[in-house]
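User: I'm new to this structure and would like to learn how to read it. Could you walk me through some features, one at a time?

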Amino acid sequence: MFSLLICLCILLTSCSDQTPKTTASTPQKDTPSALSPPQTGCLGCHPFTLDRSHNLSCISCHNGDNSTSDKNLAHETATAKPAHPDNMAKVCGSCHAEIVKAAQHSLHFTLKNEVNTVRKAFGSTTDLTSLHEIPDDNFPTTALGLVDDLLRRRCLRCHPYYSGDAYGAVVHGTGCAACHLEYQDGRLSSHKFMAKPNDKQCLSCHYGNYVGADYYGKFEQDFNWDYWTPFTTDGEQERPYGVGQHLLRPDIHQLKGLSCIDCHSGASLKSNGSTHITCISCHLWDQQPKSPRPDNLEVADNTVILTTKLTNKKIIVPQLSHPAHSKYIKTVGCQVCHAQWSFADKGTHLFRQDNNDYELWQALTRQGSSEVEFQLEANLFQGNDQSDAFMADKISGQFKIGLWLKGYELRRWEAIETCQDDNGMMQVCRSPHNLHLTYVNLDGDLVFDSVGISLETPDKIPYVPHTTGKAGAFFVNRIDKINSTTNTPKPENSP
């Protein structure tokens, strides 16, 4: 069924003149030039190899006509992206109905929690059930309308409706293909569907300063060109994710060999958020019988063993033994002591500009958005100073007037901040909604000037840094900081 999907996607990506920039050098897989002799039908032009489970005719997924050698006739009724959300229920769902249905209603797909949190911060009083319901107004007159435009065009670049920014490690498939088809250097590299997506698939979306990249110790550099390191003679640097990255200490689980899906199973990613596992699911398994557990966890001779899903490596899972765990397990989150560092970006400014007056942005052309980067560099450094500002709607795919630019007041990782969650537990926190929106229209008029979030919006919200390590000598200092504002007891034998 998916074989046709594979062929069409290859056709689209290999023939496009919008080849993304890439800095990697890994050779392509299954490219037409690697296969001979040529075949008739779809595979004559798109000679990809399929996996055993999807070894179907190309037209099973892509439609079209594989009986003609005429290019136009062959593609007249073809579907380029059968796994796209608009098609996945009909195409992928014809064999995987229950999985597709679950995926379409999952938090990972609807993003309703993130969308509603941001909209509420700018005055919304109603919740949306999915990002598809975000109002579409290209010329907003209210702060809420402005943030809706921001969400649709700048923020949802990693949603399964969009194939990602044109950077080598970011371009990915849409819909089901976003996780299950492999891309390399900005191109589809294989039509063999992966039942178990590797971490590269996850990082093609989770690469910014949110959660995911930190598992590999990656922290985005500042946008200003003074921070584009390492400095090179030609000014170029390896930046497969669009912005260069600092390399910090990875998470201990990554160093031990665990991949993303060892904790975030397919079932949990397709759920409504009620089945996710926590630290105690593995590290306190015998005292938490009701806690969801990974399906790759087993106990043998009183030893807890996790078998990694991608490599089948068996890892002994240490159980909690330090007395601080029993004392704080109900009051302090694990990462308050065990996070090695955290994302602490503050003061995010987002600036919609409809005219092409870009002089003030010369030092900030690299912002993790290929649309922004290409337009700024074309206008500022390539003599193309007449082009209009435009940006695509990441849900509808339509291009609209206006470009969303971005800047930060502060980007740091060393100071871990804490706050209380809804259950009164102390957790590591950050301020992702400390947003300031500005809008300058085509005539250069200032429509909105640094509009901030409502006063009712929490300054900080809990999150789980994927930077786990040993607590070390400084965990007491973090708890002391908490004690200065709460009645949380100090650990025994603390200084």
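This is a predicted model: local features need pLDDT of at least 70, side-chain atom pairs count only at pLDDT 80 or more; totals for chains, interfaces and linings use all residues.

User: Is Lys71 buried or exposed, and how is that decided?

Analyst: The general idea is a cut-off on relative accessible area: buried means under 20%, exposed over 50%, and partly exposed in between, with a 1.4 Å probe and protein chains only. Lys71 has 58% relative accessibility, so Lys71 counts as exposed. Lys71 is found in helix H4, residues 71–75. Helices (H or I, at least four residues) and strands (E, at least two) are DSSP runs, numbered from the N terminus.

User: How many helices and strands does the protein have?

Analyst: There are 18 helices and 16 strands. Of the 495 residues, 48% count as buried.

User: Is Phe219 buried or exposed?

Analyst: Phe219 has a relative accessible area of 1%, so this residue is buried. Phe219 belongs to strand E3, residues 218–220. To see its surroundings, look for contacts, meaning heavy atoms within 4.5 Å. Leaving aside neighbours within four places in sequence, the residues in contact with Phe219 include Leu248, Trp341, Phe343 and Trp413. Phe219 and Leu248 are 29 residues apart in sequence, with 7.2 Å from C-alpha to C-alpha.

User: How do I read a nonpolar core?

Analyst: In soluble globular proteins, nonpolar side chains tend to be buried together. A nonpolar core here is a set of buried Ala, Val, Leu, Ile, Met, Phe, Trp, Tyr and Cys residues joined through side-chain atoms within 4.5 Å. The largest one has 28 residues, and Ile134, Leu376, Leu403 and Leu437 have the most contacts inside it. Elements giving two or more residues to this core are helices H7 (112–121), H8 (143–155) and H17 (370–381), along with strands E11 (403–410) and E14 (435–440). H8 gives the most to this core, with four residues. Apart from this core lies another, of 16 residues, among them Phe343, Tyr463, Phe475 and Ile479.

User: How is H17 placed, and what span should I expect for it?

Analyst: The expected span of a helix is 1.5 Å times one less than its number of residues. H17 has twelve residues and should therefore span 16 Å, which agrees with the 16 Å between its end C-alpha atoms. H17 is mostly covered, as ten of its twelve residues are buried. Its buried residues include Val372, Leu376 and Leu380, and what covers them includes H8, strand E9 (390–392), strand E10 (399–401) and E11. Just after H17, Gly383 takes a positive phi of about 75 degrees.

User: Which residues line the largest cavity?

Analyst: Rolling a probe the size of a water molecule over the atoms shows where empty space is left. On a 1 Å grid over the protein atoms alone, a cavity is a set of points where a 1.4 Å probe fits but cannot get out, and lining residues have an atom within 4 Å of a point. The lining of the largest cavity is made up of Ser342, Phe343, Ala344, Asp345, Lys346, Ala415, Glu417, Cys429, Arg430 and Ser431.

Technical notes: Residues are numbered from 1 along each chain as its sequence is written. Side-chain values use heavy atoms; hydrogens and water are left out. On a 1 Å grid over the protein atoms alone, a cavity is a set of points where a 1.4 Å probe fits but cannot get out, and a pocket is an open set with protein on both sides within 12 Å along at least five of seven lines; lining residues have an atom within 4 Å of a point.
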